[in-house]
Amino acid sequence: MADSKPKGPRPQEQTFEEIKYLKRLIDQKIHVCVKLSDDEEVRGVVEYYDQRFIRITRTGAPNLFIFKHDIKYLYEVV
């Protein structure tokens, strides 16, 4: 028997929390560690982002453009 209750509104597909978080990382120049899908880690500061990638600025190493689909997660380094 099907549920006869009306369904509520669909949740938003885009909350924009990712954008707010990345902007805060950039504005405050917070150091991060990016864990890639192949378990490699990259440390630096997020300098730029768009819909598909982020740019990590590193000290003593080349800056990197990393595609978001290659990122497992990232965290702030204290």
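Trainee: Which residue is the bridge partner of Cys33 in E2?
Mentor: That's Arg43. Bear in mind that this is a predicted model, where local features need pLDDT of at least 70, side-chain atom pairs count only at pLDDT 80 or more, and totals for chains, interfaces and linings use all residues. Residues are numbered from 1 along each chain as its sequence is written, and side-chain values use heavy atoms, with hydrogens and water left out.
Trainee: OK, how many bridges do E1 and E2 have?
Mentor: Five, in the antiparallel sense. Strands (E, at least two residues) and helices (H or I, at least four) are DSSP runs numbered from the N terminus, and two strands pair if DSSP finds at least two bridges between them.
Trainee: What about the hairpin of E1 and E2, which residue takes a positive phi?
Mentor: Asp39, near 75°, and there are four residues between the strands.
Trainee: And which residue in E5 stands opposite Leu36?
Mentor: Ile71. E5 covers residues 71–76 and runs antiparallel to E1, joined to E1 by five bridges.
Trainee: Switching topic: why is E1 largely enclosed?
Mentor: Because five of its six residues are buried, meaning under 20% relative accessible area with a 1.4 Å probe, protein chains only.
Trainee: What does Ile71 contact, beyond neighbours within four places in sequence?
Mentor: Val34, Lys35, Leu36, Ile54 and Ile66, where contact means heavy atoms within 4.5 Å.
Trainee: Last one: how many residues has the largest nonpolar core?
Mentor: There are 12, including Ile71, Leu36 and Val34. Such a core is a set of buried Ala, Val, Leu, Ile, Met, Phe, Trp, Tyr and Cys residues joined through side-chain atoms within 4.5 Å.

Notes
Buried means under 20% relative accessible area, exposed over 50%, partly exposed in between (1.4 Å probe, protein chains only).
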